[in-house]
Amino acid sequence: MQTGDGLLARLRVGAGRLTPAQLHTIAEQAAHHGNGQVEITARGNLQVRGLTLTSTPAFAAAVRAIVDIEQGLVVETPPLAGDDATEISAPRALAVSIRDLAAALGEQLGPKVTVVVDGMGQITRAGLKADIRLTAIAPQHWSLAIAEQPRSELHESAAAAAVVTVLVKLAELGPAARATDLVTPRASAAPSSSQTIGQFTLASGSATGIALPFGASDSPSLIALARLATDHGIAELRLAPHHTLLAINAPAGFVHDAATLGFITDASDPRTRISACIGSAGCASGHIPAREIAQQLASALPAGRDLHVSGCAKGCAHPRRAALTLVGQAGGYGLVINGSAGDTPQTVLRADQLESAIGPSGQG
């Protein structure tokens, strides 16, 4: 995808699993072929920025040489699927069946069509949009939702076929179709997202979640993290929702050392409540360096309040409402209260007014 800082490549890493050495190499290649900016998306995919038409083929070849990249229908499971003893029902085998059965549909489905199979363990995919969602409600029993509208409850033996039936209907409508074309939209409460930062107990061992600030890291920091993981004897990292990496069987010292590199290791860190796009640092539409401003304002953000810093009115990093939204404009920073980046600002602020505006006594 073309962006303000070049081409952006999204990597669907096989099963979302990487060794520290693979992460190290991807970060090196991102610096060599792009601008060194690496992101973990809200859904848990890797993104690399600043590629060019010339460098992209070489980058793709280098990445494919070291890690499996998934293609075809997007079928997502939680990152601890199969290892989480608290799961109501294990989703991985069901996800594989859906992907296999849907393979014949090929490019008849749009590239953004997404199926979520959620076993409802410690880390879920609740809060992330899905065209089709299977949610475990009892061992080997699943609830089927289309465009987040509940449709039926199924035994596991019928679940994959039911999903593919819906996918066939989407394919018949063409590659531009999404699940919202199949159902009548109804208002529904958004499911709560699960926590991904912290310690999680596995059937055998543990997982430790740390996050990239605002979903992004430069290559040197990511390379340092990969080396740190290797030094701590960590053999596996998993990409997780909400810009998170899970270190499998990490020793206690890993969290402290990762924090010194600037990564988020505490769920109460105010940066977890701030959404920020790359802004003017990498987008032609951005009026402000959104992530730099977000970092500057983090310590001033009151507990319990969320903030969206957007380079422009498109609001790519957080399309939904936020308690406070700062929107880059040609003449300053638009402040939107309890709204989204595209709403009319209540006021326009100067740079020296930002901290006071978002603080406890500010306009928010």
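A definition to begin with: buried means under 20% relative accessible area, exposed means over 50%, and partly exposed is in between, using a 1.4 Å probe and protein chains only. This is a predicted model, where local features need pLDDT of at least 70, side-chain atom pairs count only at pLDDT 80 or more, and totals for chains, interfaces and linings use all residues. Residues are numbered from 1 along each chain as its sequence is written, and side-chain values use heavy atoms, with hydrogens and water left out.

Backbone angles, then. Most residues other than glycine have a negative phi. Ala15 is not a glycine, yet its phi is positive, about 60°. Where is Ala15 placed? Ala15 lies in the loop between β2 (6-11) and β3 (17-18). Strands here are DSSP runs of E, at least two residues, and helices are runs of H or I, at least four, numbered from the N terminus. Ala15 counts as exposed because its relative accessibility is 54%.

Next, Asn338. Asn338 is not a glycine either, and has a positive phi of about 50°. Asn338 sits in strand β19, residues 332-339. At 47% relative accessibility, Asn338 is partly exposed.

Now the cysteines. How many disulfides does the structure hold? The count is 0, where a disulfide is a pair of cysteine sulfur atoms within 2.5 Å. Take Cys283: its closest cysteine sulfur is in Cys312, 5.7 Å away, so too far for a bond. For Cys312, the closest cysteine sulfur is in turn that of Cys283. Cys283 is partly exposed at 28% relative accessible area, whereas Cys312 is buried at 11%.
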